[in-house]
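Reader: I am new to this structure and would like a close look at a single part of it. Please take one residue as the way in, and then let the answer widen to its surroundings.

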Amino acid sequence: MIQLTRPLACVFMALIVLSQFLASPPASAAPSSADAPIMLVVDSSGSMSEDDGTGTIKIDGAKVALLDFLNNISENTPLGLLSYPSKSGGNCDPGLPAFDITNRDPATMSAFIRGLEPDGDTPTAEALRTAFEEIKQSHGSGTLVLVSDGESTCDPPCDVANELADQGVDIDTITVGFRISDSGREELECIADALNGRYVDANDNGELQGILDDLSQPKLTISQLSNPARVVAEAGGEADGRVKIEATIKNEGKREATDVSMRLRFDLNGPGVARPIVRIGNLAGGASLKVAWQVWPPATAIDHRVNFTVIGSATNSPTDAQRTGTFRVIDLNSAADAGSILKGKKRIAILGDSYSSGEGAESYIRDSDRIGSACHQSSDTYLREVFALPDSNVIACSGAVANDISAANQPNSKPAQAAELAQLYERKTGSVQAVVMTLGGNDFQFPTLARSCILASHTCDDRVYDKPGLELWGGTPFAEFKNRGVGNQGSAERAAIKSAYESIHAVLNSAQAVARRGSIAPIIVLGYPLPIPLTGRSCLPMADKLSRGEILAVGGFALELNAVIEGIVADLRSEGKAVFYVPNTENALLPDHTVCDPPDRAFARSLVSADPAVFEMFPRITGAIAAKNPTYFWSKDFKNSMRSASELVHPNAKGYAAVSSAILRWTRGPGGQAANEFLKTVEAEPTATLSTGLTSDGMVDENGNLILQGGSRYPLTVDGYAPQSDASAFLRSQPQLAAHAVADQGGRIKVEVPIPSELEAGQHHIEVVGFGQNGKQLKKTVAFQITADRTPSVGLILAAIALVATLLGLLLFGLSRGARAQLRTSALHEGAV
Amino acid sequence: MIDEPTPQAPGRRVALAILWLGAVAAITGAVAIGWFMHAWLDGGDDISIDRPVNVVQSEPIVSGYVPNVLGLSKQSALQAMVDSGVKPSAISTEIMPHIGDLGLVVDQSPGPGSKLKNSKVTLALSGPATMPDLTGDTLDSARTRLTKMGAKISTTYRFNQGARENQVLTTTPGVGQPLKSSVELVVAEPSTSVFLADVEPLTNDCNGEAAILDGNELEHSLVCTPDAGQPATAIYRLNRKIESFAATVGLADDGDDSAPVRLVIHRDRELVANFTVRFGQAREIKISVASALRLTLEVRGGGGSSDVLDSKAVLGNARLIGGSSAIDAISADDTQP
């Protein structure tokens, strides 16, 4: 067994156990039998002088068992002993109790036990009656233990038992057949049945001792233990990543176990304390209780076997009950573990916003981590490492909104993401095979809410402040903030997000791309991982920054945001688009890897680890300090603060790995399988025919991209519409109605589309929306590009002029020196001559 | 004459060699496959987790009630408490000696499930633990204390004269030593006894039989009838291991009621009892015989005279009391004549 070193073992702190009691009655609810009197009735007839099968005389074994019982039983338990038959009476005389039921006194009682001698007949019925009366008279109720090795030789015991049962006295009867004959057993069973008790076989003195031990002390056992054999590491609180350990502790003894506790222990050999401790209270004889733990093993346990022990103990139990189990932690986080929808895919593009670009994961790529760029892109974002994707496949950009899919983001100098997607791989091995993305959070102002909750000194569950430094100016009531965005069914944001997905679909699954690839490519939209605890538990380390109410507000908003996105995705799928929603990623940081958890456990940029300056930054920017010190904006401190502010509430590298795991789980699960089936039903975006009057060579570049020029009008022909139906053509890059037309008798629409001169360079598309011949809405899309203005900049011209001038100057200088030298030589020659 | 080797011999050797090599290859392959199958099925190395397992909650957190935070790290315990409505300023911590990892909640007050009434909450966090001095404590008390410190307890019983039943005699590890996960307690076992009637005496003038004293039947009695001028004597070997001698002493109900007798008891040579036994005046006696080698019981006629006949002195249910090993040894000792 490998014992982890201490530093490595620290990683195991991520093991989270949720201990809970399952359906069981309260342990102390059962009646206590701790101080109930016990009357022992022991057959000491002649047959007890026989061997018990182990080489021990029966009566000697019985003496050992009885003496042991006497020593172990609680000091408070009243005890009586009757051995039968009487040594001085007749054959059927049971005699009197050796000692009446009285307080336990080993110093006196043990001599009677040692004095037992086997002799005489077996008046079981008479002894039963005597003992019954003793209990009845002395205490009114109690436990009667009858030990016999043979058949009764006097009155029929069964009849006597029935007669006693009619008295209705509460006596718990246990009959023990000590290596007994079948007929003798039947008698004792009949007695037990009549008195509503139980019969037990004791085949030798060891078993007899065990039976008596059960009466004298609690006997704890872990009667049931269940757990899965295998579990996936770090599955975000989902079922396949959870080890549910259920253990049932039972007190098989008669005596109540006091202050029972259950513990789960993972260090079988070490001296560590078993935990968690679950205090059960007292457990009555015969009672049981089930305790369950839920364990989420960490990634560091992958490929290891985890052994555990469940321990039950009671303060008055001489031995602990324990039972061991094991489970194996497996890893299903490699590309080979992906479901069909992503299996074997090597060209996956990551689009969308900061939750896809890898904000918070560090390892930022290219020049994305610089002042002036809000577009952090990380090599540690989800799926990149799993599928060995090149950095260029990370197209997502921090702060991206829906419009950035089809239009360039000028502040970040980023082209439209759809255009980048179209260019990706086009020149090499074929089009992208899948897009994975997050989008919509920025459109619905989730960052504003998060910033307001964390940075503002007022609570965001009341009012939302767009800029924390301006909070004194009022802010927007939270309900209004929510309703005008994520809570508004008809909001422009929803339409924009839907349009963004459509744009990506048009590029990804254009007829040309599908033909080249040979299949439809999915757009996999991820639910935003909840960065805060789902249950609304307190964010204790940062309680002054994020109250419980704020956690609920942020969590509720995030859940609603995901629901909206899921709805948009469902709409698109109903329209035949290969867009799928992954709900699993929502829980990737749960239950205890959130911003509220310690940095060593958090899968997100923990608030605890955030640069403290962040919490001062916004007031400083808007306050007099910044005004007095403008150089602050160029300082490293400012850059770090800006970065830290951007990273807030985003996953860290471990968090993105957890998102990867969640995606892979989805691909393997029913959702991914259904999506893969759905792909087979999706058709490529219909080809629209553009007739421009120009040669095709002039329209299409060397990569097959359609190139148009702003300020021109282009005739567009699209087929497949209902005859005489209306249709509209939209420019989707900068949403505007471009043209309106009516389909001809053949369902063909011919329309001239004006391309605005101000249209930015990059990827765009024209969307023709009408009705198909089946009466349903029909939307066809054609993508095109506007090339960048190739007019050289003034700076470049000046630089070129300067370069030319310099070269000319150097040339002239060289020529002049050469000419002078030639003149000097000529003069010398002339002088010589 | 030397036979020519048969033409088949080289071929047979080759065949045997191939067969042998094939068998070796098959065994080697089977071992290799078995090994890999084992590795594949068994899943690599064991791993043990020697870090605390954190309880997020033991039951759904209900605001207004104290949650169960036992076993939690301090951080998680504070979290659970605050989630239940306890103000951070109302939570205090203290260190309690405990085995294993430090800084975990090993006790809490108020206990789980208690209703919060603006009361303060105290969490006991595990700290370094050494063996406390439990000598003289009861077993229950020691067990409770050690269990709270996380120890697993094993108990050994030993008779100790003068010690109460279940009184702790010694501990391992010793007082002040670092506490280990397993602790062994040696505790005093209860006294046990055996009837003198069931013990072989060195010499005996008395009979082991049932007798009736003051109306009570005492089944395991010694009945001693002194002869004229000659006391009835019974001597028992004690081996210095018996704690005490006890009996109900009187004159048998069915004997002479007019003549008292005298009971003289010696512990070795030391006189420890000398009194008159009268009819109808049975009395309980218990005499210490600690460290004695012998017990001598002597019943003399009243005043030592020789005119007393038929008075039956009864040592009802007379028994020796001591530790189980000593009593068992006395009971089983058949070396006494």
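Author: N403(A) is partly exposed in this predicted model, its relative accessible area being 41%, a value that lies between the 20% under which a residue counts as buried and the 50% over which it counts as exposed. The residue belongs to helix α9 of chain A, a helix that covers residues 403-406. Although 96 residues separate N403(A) from S499(A) along the sequence, the C-alpha atoms of the two are 8.7 Å apart in space.

The chain around this residue can be described in the same terms. Chain A has 833 residues, and 54% of them count as buried; its secondary structure consists of 22 helices and 29 strands. If one takes the contacts in chain A with a separation of 6 or more, 73% of them are between residues 24 or more positions apart.

L812(A) is exposed, because its relative accessible area of 57% is over the 50% cut-off, and its place is in helix α22 of chain A, residues 794-832. Together with V804(A), L808(A), L811(A) and L815(A), L812(A) makes a nonpolar surface patch of about 500 Å².

The mean pLDDT of chain A is 79, and 79% of its residues reach 70 or more. Confidence in chain A is lowest in helix α1 (residues 6-10), where the mean is 30, and highest in strand β20 (residues 523-526), where it is 98. Over residues 693-698 of chain A the pLDDT is below 50, and this stretch has one contact in the model beyond near neighbours in sequence; over residues 827-833 of chain A, where the pLDDT is also below 50, there are zero such contacts. Where pLDDT is low, the predicted coordinates should not be read in detail.

Chain B has 337 residues, of which 45% are buried, and its secondary structure comes to four helices and 19 strands. Chain B exposes about 16700 Å², with carbon and sulfur atoms supplying 53% of that area.

Among the strands of chain B, β8 (residues 182-188) is mostly covered, since five of its seven residues are buried. Strand β6 (residues 152-158) of chain B runs parallel to β8(B) and is joined to it by seven bridges, with R158(B) having A188(B) as its bridge partner. Strand β7 (residues 168-172) of chain B pairs with β8(B) in the antiparallel sense over four bridges, and here T170(B) stands opposite V186(B).

Chain B also holds an open sheet of five strands in the order β10-β13-β18-β15-β16, with antiparallel pairing. Because β10 (203-204) and β16 (270-277) of chain B stand at the edges with a single partner strand each, one side of each is left without a neighbour in the sheet. Within this sheet, strands β15 (residues 261-267) and β18 (residues 294-301) of chain B pair in the antiparallel sense over seven bridges, and L297(B) in β18(B) is the bridge partner of I265(B).

Technical notes
Residues are numbered from 1 along each chain as its sequence is written. Chains are lettered from A and ligands numbered from 1 in the order in which they are written. This is a predicted model: local features need pLDDT of at least 70, side-chain atom pairs count only at pLDDT 80 or more; totals for chains, interfaces and linings use all residues. Side-chain values use heavy atoms; hydrogens and water are left out. Patches are made of residues with over 30% relative accessible area and no salt bridge: like charges are joined within 9 Å, nonpolar side chains (Val, Leu, Ile, Met, Phe, Trp, Tyr) within 5 Å. Accessible areas come from the Shrake-Rupley method with a 1.4 Å probe; for residues, only the protein chains shown count as cover. A salt bridge is a side-chain nitrogen of Lys or Arg within 4 Å of a carboxyl oxygen of Asp or Glu. Helices (H or I, at least four residues) and strands (E, at least two) are DSSP runs, numbered from the N terminus. Buried means under 20% relative accessible area, exposed over 50%, partly exposed in between (1.4 Å probe, protein chains only). pLDDT is the predictor's confidence in each residue, from 0 to 100. Contact means heavy atoms within 4.5 Å. Two strands pair if DSSP finds at least two bridges between them.
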